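Here are my notes on the aromatic pairs and the nonpolar cores. Have the model open as you read.

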Amino acid sequence: MRVIKEGFLYQLTFMPRFFPVNCYFIEEEDGLTLIDAALPYSAKPILQAAEKIGKQIKRIILTHAHGDHIGALDELKAKLGVPVYISDRDARLLAGDTSLDSTELQTPIRGGVPKNIKTSPDILIKEGDHIGSLLAISTPGHTPGSMSFLDQRTNMLIAGDAFQTRGGTAVSGVTIPWFPFPAMATWNKETALHSARKIHELNPSLLAVGHGELLRDPGAIIEKAIQKAEEAFTK
């Protein structure tokens, strides 16, 4: 596991050279917020990383409920006993429910939807909620209930799979040949594009995603990725 620190943010990357899967710590006065729970074997190194930092994990926030973001959730919940946060919409995915609401675009939910997760979320979040220094922002598309989180101290944004930066920066749903997996797991491309535009308007100082490197001062790169998505999705 690789750890990169940027201000209050720590990026923890599993398999960085082959199939990078990121989760994040956000440092708060009372301890650490863990964003996403990576892969099933990730619990021990996540706990070791927190111990090395010297702060306790106080809460777990999930950007969405795909398997590579909730893999170690059950073990972490059992060992830490801390509250788990997820959007109301993706709480259904966490429970294995892939049904769609009548008001949603009727494209099938894709990706590794969990089947045997025991953990039930403690707190359901929505747009505008505050969790410590983080502001919750609804960014559906990759899944119907995907969320991003803006650190209001630094304007750094943790965006889950709304974008990828592995193999090149792309909006969720745009296929990057070197790393096509986020695109393959995207629920609705048009909704993802709308969320990408929303993220661009926030003008984040840094973009942190589920797969790939941190992007500092990402505005121009995000804009270019949106243009590519607009071209790809209108073909």
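1. Searching the whole structure turns up four aromatic pairs (Phe, Tyr or Trp rings, the six-membered one for Trp, with centres within 6.5 Å; planes under 30 degrees apart are stacked, over 60 edge-to-face, the rest tilted). Phe14 and Tyr41 make an edge-to-face pair, 5.9 Å centre to centre with 85 degrees between the planes. This pair ties together distant parts of the chain, 27 residues apart: Phe14 sits in strand β2, Tyr41 in the loop between β4 and α1.

2. A caveat: this is a predicted model, where local features need pLDDT of at least 70 and side-chain atom pairs count only at pLDDT 80 or more, while totals for chains, interfaces and linings use all residues. Residues are numbered from 1 along each chain as its sequence is written, and side-chain values use heavy atoms, leaving out hydrogens and water.

3. Buried or exposed, what is Phe14? Phe14 is buried, at 3% relative accessible area, whereas Tyr41 is partly exposed at 47% (buried is under 20%, exposed over 50%, partly exposed in between, with a 1.4 Å probe and protein chains only).

4. Phe19, Phe179 and Phe181 form one aromatic cluster.

5. On to the cores (buried Ala, Val, Leu, Ile, Met, Phe, Trp, Tyr and Cys joined through side-chain atoms within 4.5 Å). The largest has 32 residues, and Phe25, Leu34, Ile46, Ile60, Leu62, Leu73 and Leu76 touch the most other members. Helix α1 gives the most to this core, four residues. A second, separate core of 23 residues includes Ile176, Leu193, Ala196 and Ala225.

Technical notes
Helices (H or I, at least four residues) and strands (E, at least two) are DSSP runs, numbered from the N terminus.
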